[in-house]
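Work through the following exercises with the sequence and the model at hand. Each task is followed by a solution in steps.

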Amino acid sequence: MAPRISPLLVLFPLLIISLLRLSHGAGIAVYWGQNGNEGSLADACNTGNYQFVNIAFLSTFGGGQNPQLNLAGHCDPSTNGCTKFSDEIKGCQGRGIKVLLSLGGASGSYSLNSADEATQLANYLWNNFLGGQSSSRPLGDAVLDGIDFDIEAGGGSHWDELAKALNGFSSQKKVYLAAAPQCPIPDAHLDSAIQTGLFDYVWVQFYNNPPCQYSSGNTNNLINSWNQWTSSQAKQLFLGVPASTAAAGSGFISADVLTSQVLPTIKSSPKYGGVMIWDRYNDGQSGYSNAIKGSV
């Protein structure tokens with residue numbers, strides 16, 4: 001007679017797999033800060049839809065410039081007006097949401113011209129936004145969880161050195177690192193940085209890039225590109241999508257197509273982390289995260 005297998009022995013591995021999935025941290029990331037009509041940071045976090053919020057952007061730095069925050073119509077950093085978000089950042093973190101500062105953006109005046117500049121910027125970020133101390137913290141005394149690299153200009157050199165310098169502070173307090181490369185491989189700006197293997201989250205922009213995005217009912221280019229990215233040094237990969245047709249020039253995927261055709265395929269990857277949405281304003285208008293959150 002064959003030995004009887006206890007139902008507990010069958011269920012236990014399933015439980016472990018489930019717990020591993022939960023600890024994997026799958027969720028939705030969103031960019032907030034580039035439209036004064038998108039509501040407050042607290043409004044974004046209070047939706048309960050996001051597990052990551054990137055405050056966008058620190059758009060001026062390097063080349064001898066004083067680093068400068070640009071949060072569009074939300075506040076004026078030159079008069080310390082953005083410190084009002086300190087309590088909101090803490091409130092988001094209290095909900096278990098990771099809040100990061102995003103560097104760069106599609107339009108800005110930024111660059112890194114030497115290893116020394118990279119080190120200087122890392123020190124500035126640590127003291128003014130992370131676990132260090134400064135008398136001039138633009139977002140007040142809230143301690144952000146990490147730094148996002150949305151580098152779309154300024155060349156491809158020294159971003160790896162910035163990542164290494166920021167990671168060096170993790171011995172004092174973990175600094176989460178994220179990156180938002182374009183989907184063509186290798187990314188023109190962030191390839192060497194991502195190859196360091198230091199990035200916890202890589203939310204790839206699968207839009208405004210016709211060779212590797214969804215178009216006209218065809219998911220092949222998108223899926224093929226995703227599969228290429230799974231071989232990168234990213235710890236977790238996120239599918240970056242626009243929240244509406246208005247949010248990007250091309251590459252919009254309807255919530256129905258995303259949940260029925262794309263996510264079931266890419267979620268099989270061990271590196272799958274979730275979905276990144278550009279941006280909070282357009283998501284608020286379209287309800288995109290509401291439509292997909294049950295499937296991410």
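## Exercise 1: Strand 6 and its partners

Strand 4 (98–105) and strand 6 (146–151) are paired in the parallel sense over six bridges. The model is a predicted one, in which local features need pLDDT of at least 70, side-chain atom pairs count only at pLDDT 80 or more, and totals for chains, interfaces and linings use all residues. Residues are numbered from 1 along each chain as its sequence is written, and side-chain values use heavy atoms, with hydrogens and water left out.

**Task.** State which residue of strand 6 is the bridge partner of leucine 100, how strand 6 pairs with strand 7, and whether the faces of strand 6 are covered or open.

**Solution.** 
1. Strands here are DSSP runs (E, at least two residues), as helices are (H or I, at least four), numbered from the N terminus. Two strands pair if DSSP finds at least two bridges between them.
2. Leucine 100 has glycine 146 as its bridge partner in strand 6.
3. Strand 7 (176–179) pairs with strand 6 in the parallel sense too, over four bridges. Within this pair, phenylalanine 149 is opposite alanine 179 of strand 7.
4. Buried means under 20% relative accessible area, exposed over 50%, and partly exposed in between (1.4 Å probe, protein chains only). On one side of strand 6, Gly146, Asp148 and Asp150 are buried, and on the other Ile147, Phe149 and Ile151 are buried, which covers both faces.
5. Strand 6 is largely enclosed by the rest of the structure because six of its six residues are buried.

## Exercise 2: A hairpin and the pocket beside its residues

**Task.** Describe how strand 2 and strand 3 are joined, and find which element gives the largest share of the lining of the second largest pocket.

**Solution.** 
1. Strand 2 (52–62) and strand 3 (65–69) run antiparallel, joined by three bridges. Glycine 62 is opposite glutamine 65 of strand 3.
2. The two strands form a hairpin with two residues between them, and glycine 63 in the turn has a positive phi of about 60°.
3. A pocket is an open set of points on a 1 Å grid over the protein atoms alone, where a 1.4 Å probe fits, with protein on both sides within 12 Å along at least five of seven lines; lining residues have an atom within 4 Å of a point. A volume is the space filled by probe spheres set on the points, which are joined across faces, edges and corners.
4. The second largest pocket has a volume of about 150 Å³. Its lining includes Gly62, Gly63, Gly64 and Gln65, and also Leu112, Glu117 and Tyr124.
5. Strand 2, strand 3 and helix 4 (115–128) each give two or more residues to this lining. Helix 4 gives the largest share, four residues.
6. By class, five lining residues are nonpolar, five polar and one charged. Ala, Val, Leu, Ile, Met, Phe, Trp, Tyr, Cys and Pro count as nonpolar, Asp, Glu, Lys and Arg as charged, and the others, Gly among them, as polar.

## Exercise 3: Positive phi and a buried serine

**Task.** Locate asparagine 80 and histidine 158, and decide whether serine 86 is buried or exposed.

**Solution.** 
1. Most residues other than glycine have a negative phi, and most peptide bonds are trans.
2. Asparagine 80 has a positive phi near 60°, in the loop between strand 3 and helix 3 (86–94).
3. Histidine 158 has a positive phi near 80°, in the loop between strand 6 and helix 5 (159–168).
4. Serine 86 is in helix 3. Its relative accessibility is 5%, so serine 86 counts as buried.
5. With contact meaning heavy atoms within 4.5 Å, serine 86 touches Leu139, Gly140, Asp141 and Ala142, not counting residues up to four places away in sequence.
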